[in-house]
Amino acid sequence: MEFVTSMAGSYPRPDWFKLHLKKQEGSQKGVAGLIDDRYVKALKQVLDEQDKAQIQLKTDGQLLWHNMLCHLCYKIEGFAPGGLIRFYDNNMYYQKPRVESELKRKNSIILSEYLKARESGHDIKPVLSCYTLTKLSSNSFYSSDDDFLQALASVLNQEARDLADAGARVIQVDEPALLSADKEGLEIAKKAFEVLVKDVDASFVLSTYYADASKAFAELLEFPVQGIGLDFVEGKDINLKLIKEHGLDLDLQAGVVDARTTRMEDPANVSKLVSEITKAVDSDRLYVCPNMGLEYLPYVKAAQKLSVLSDSIRGGVLR
Amino acid sequence: MKNKLLPTTVVGSHPKPKWLNHLIVEFEQGNLDKGVMESAFNDSVRAVVKVQELAGLDIFWDGEMRREEMTSYFAENIDGFTVYGPVRVWGNNYYKKPAITGELRYRDEFSLSDYRFLSSLTDRGIKVPLTGPYTIVDWSFNEHYNTKEDAVYALAEVINEELKALVAAGADFIQIDDPAISTHVDELEVAKKSVEIATKGVKAYIGLHICYGDYSKLYPQVLDFPVDQLDFELANKNFEDIKIFREHDFTKDIGFGCVDVHTKRVESVAEIKENITKSFEMVEPKQVYVDPDCGVKLLSPQKAFEKLKNMCDAAEELREEL
């Protein structure tokens, strides 16, 4: 057993930090909080929680992100915030980004947060999103989805290069929208990924969740990434079947505990699931993690979820 | 239950007075006596009643002064729920997402005293809005029941008990708020059955409020729900959904959301009249209840009043013309 325990992205903000951000930012505005000493304290707190739960490849918990999209969009010139809209089937909303002018990376996007997290000495995985971000935005500037996607990929490529230079060896790209993309969407997404990963000295994991990958699996295998992420909670049976039937010559980030419920899995069942997965994928190419970011949970339940994960796979060692 | 054409009503919530929000914070921090808090809630309901009178509404609710949001308020009064802590809704806004950790059982009333207090303050009609079992479960974690359906039906039984108690106390108009229905249209049958269980033996006029989401995925199936009225937001989507509803005979009354609660712009009386008139493209005037798209709590008190007043004036002018 040589797989790596990992985080999938977000971690709930500590309650005191929520209050701090609310004071700093207000309830209505879309502006992001500052990297100040309060942030550093909150960051340390969630890194410590991950450490206690023996998570090897950690994230900064995306503590300043208001949702999966806006934190990336509003640091990119050309996006403006629109009206509130539901994020998938969650009781969670985001301000639908609008493209109003040419996309440009004027400043770094998540690099300063990444650098701060790296100061902890932990192995940290930054998280981006590309195709999904364009699918959940509205575009009245670019003449086609393809142009919009290419422009965004090019902006994110600059960020990814800096992240890799700053020490990121794995970069996760969240793409739940690819699971429902049509052939053309998958085609232009693949082209965009070629731009996104170009000359970036890191390995990319294309992460999917909320469903199984039956509609996109064969195409995803052709993407220029080193790994894909599959949801073995919400798409368990079909995703198991897919990796068994197709095989997988990539790293696999396997979401094996349910980040959207406070019900705690029996570690023995999780362990059984991981064994099933290792029948199709070499365990040294496997990252086990929650099926998505943990911010759907109350703070006290997030650490418990991670403990279930590490209890079920004790013995995993960092490659 | 209608005795006049185009009765005007609210969906439920009203902006809380600033002083009330201030006192709620003090109370939560333990700086305020429970009795003082109670009297503050009651006074704020009196203020809402006055505002609704001045606006000219026909059917009132208490503005939900006691409810912070529409899930945990109910969950905290029902056995089987635990609240671990807040979960984000958007940005810096969170709600106390409940978890079902045991069998759901009726413990104590959760709207009856609100109804009784309001009915002591006004002779106008009253509508009691309650979040539907489907939505409460959808917005909660389920640790106890094997399936979501089991949890929904168990909660529907609890709500049924409350609805019967409301009717026994004199309530004749109940609105089930079920915004989550539009987010999982594949579970429409579960939602329908939950409404059936919740309203079984409840002798009142029943409305079902569904906001947000794509109505084309619910319609016409939602006409089969055992309710008298469907309450929809129309203004927010510029009344484009009327064409969806026109595709089938609209066999219920409609709560016609004719004022947009997501914009501060106060629609004029003439504009709202035109909006209400659009309902006649899909139903007879006698089927129409006039209300805003949703609760008005996110507006400022002044804007909320102005919108409600113009809405009531518009309905009054139309009544005279019809």
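Two strands pair if DSSP finds at least two bridges between them. Helices (H or I, at least four residues) and strands (E, at least two) are DSSP runs, numbered from the N terminus. The model is predicted: local features need pLDDT of at least 70 and side-chain atom pairs count only at pLDDT 80 or more, while totals for chains, interfaces and linings use all residues. Residues are numbered from 1 along each chain as its sequence is written, and chains are lettered from A and ligands numbered from 1 in the order in which they are written.

**View 1. The three-stranded sheet of chain A.**
An open sheet with mixed pairing places three strands of chain A in the order E2-E3-E5. Strand E2 (77-86) and strand E5 (138-139) of chain A are at the edges with a single partner strand each, so one side of each has no neighbour in the sheet. E2(A) and strand E3 (residues 93-104) of chain A are antiparallel and share seven bridges. Within this pairing, A:Leu84 has A:Gln95 in E3(A) as its bridge partner. H6(A) lies across E3 and E5 of chain A and runs at about 90° to E3(A); axes are lines fitted to C-alpha atoms, for helices over the stretch in contact, and angles run from 0 to 180 degrees between N-to-C directions.

**View 2. The seven-stranded sheet of chain A.**
Seven strands of chain A form an open sheet in the order E1-E10-E9-E8-E7-E6-E4, with parallel pairing. Its edge strands, strand E1 (4-5) and strand E4 (127-128) of chain A, each pair on one side only. E4(A) is joined by two bridges to strand E6 (residues 170-174) of chain A, and the two run parallel. A:Leu128 stands opposite A:Val173 in E6(A), and A:Val173 in turn stands opposite A:Leu206 in E7(A). Five bridges link E6(A) and E7(A) in the parallel sense. Strand E7 (residues 203-207) of chain A is mostly covered, with four of its five residues buried; a residue is buried if 20 or more other C-beta atoms lie within 10 Å of its own, exposed if 12 or fewer, and partly exposed in between, with C-beta atoms placed from the backbone. Helix H10 (residues 267-280) of chain A lies across strand E9 (251-257) and strand E10 (286-290) of chain A, at about 160° to E9(A).

**View 3. The nonpolar cores.**
A nonpolar core is a set of buried Ala, Val, Leu, Ile, Met, Phe, Trp, Tyr and Cys residues joined through C-beta atoms within 7 Å. The largest core has 107 residues, and those touching the most other members are A:Cys130, A:Leu152, A:Ile171, A:Ala192, A:Ala254, A:Val256 and A:Val288. Helix H6 (residues 145-165) of chain A supplies the largest share of this core, nine residues. Leaving out residues up to four places away in sequence, A:Leu152 touches A:Leu103, A:Cys130, A:Leu133 and A:Thr134; two residues are in contact if their C-beta atoms, placed from the backbone, lie within 7 Å. A second, separate core of 85 residues includes B:Val45, B:Leu230, B:Ile254 and B:Phe256.

**View 4. The contact between chains A and B.**
The contact takes 26 residues from chain A and 20 residues from chain B. On the side of chain B that touches chain A, strand E2 (78-90), strand E3 (93-106) and E6 of chain B are the elements that give two or more residues. E2(B) gives the most to this side, with seven residues. By class, this side of chain B has 10 nonpolar, seven polar and three charged residues; Ala, Val, Leu, Ile, Met, Phe, Trp, Tyr, Cys and Pro count as nonpolar, Asp, Glu, Lys and Arg as charged, and the others, Gly among them, as polar.

**View 5. The surroundings of B:Ser140.**
B:Ser140 is placed in the loop between helix H5 (133-138) and strand E6 (141-142) of chain B. B:Ser140 counts as buried because 25 C-beta neighbours lie inside 10 Å. Not counting residues up to four places away in sequence, B:Ser140 touches B:Thr71, B:Ala75, B:Lys97, B:Pro98, B:Ala99 and B:Ile100. B:Lys96 is 44 residues from B:Ser140 in sequence and 9.2 Å away in space, C-alpha to C-alpha.

**View 6. The surroundings of B:Phe41.**
B:Phe41 belongs to helix H2 (residues 34-55) of chain B. With 20 other C-beta atoms within 10 Å, B:Phe41 is buried. Its contacts, aside from neighbours within four places in sequence, are B:Met65 and B:Arg66. The C-alpha atoms of B:Phe41 and B:Leu20 are separated by 7.4 Å, and the two residues are 21 residues apart along the chain.
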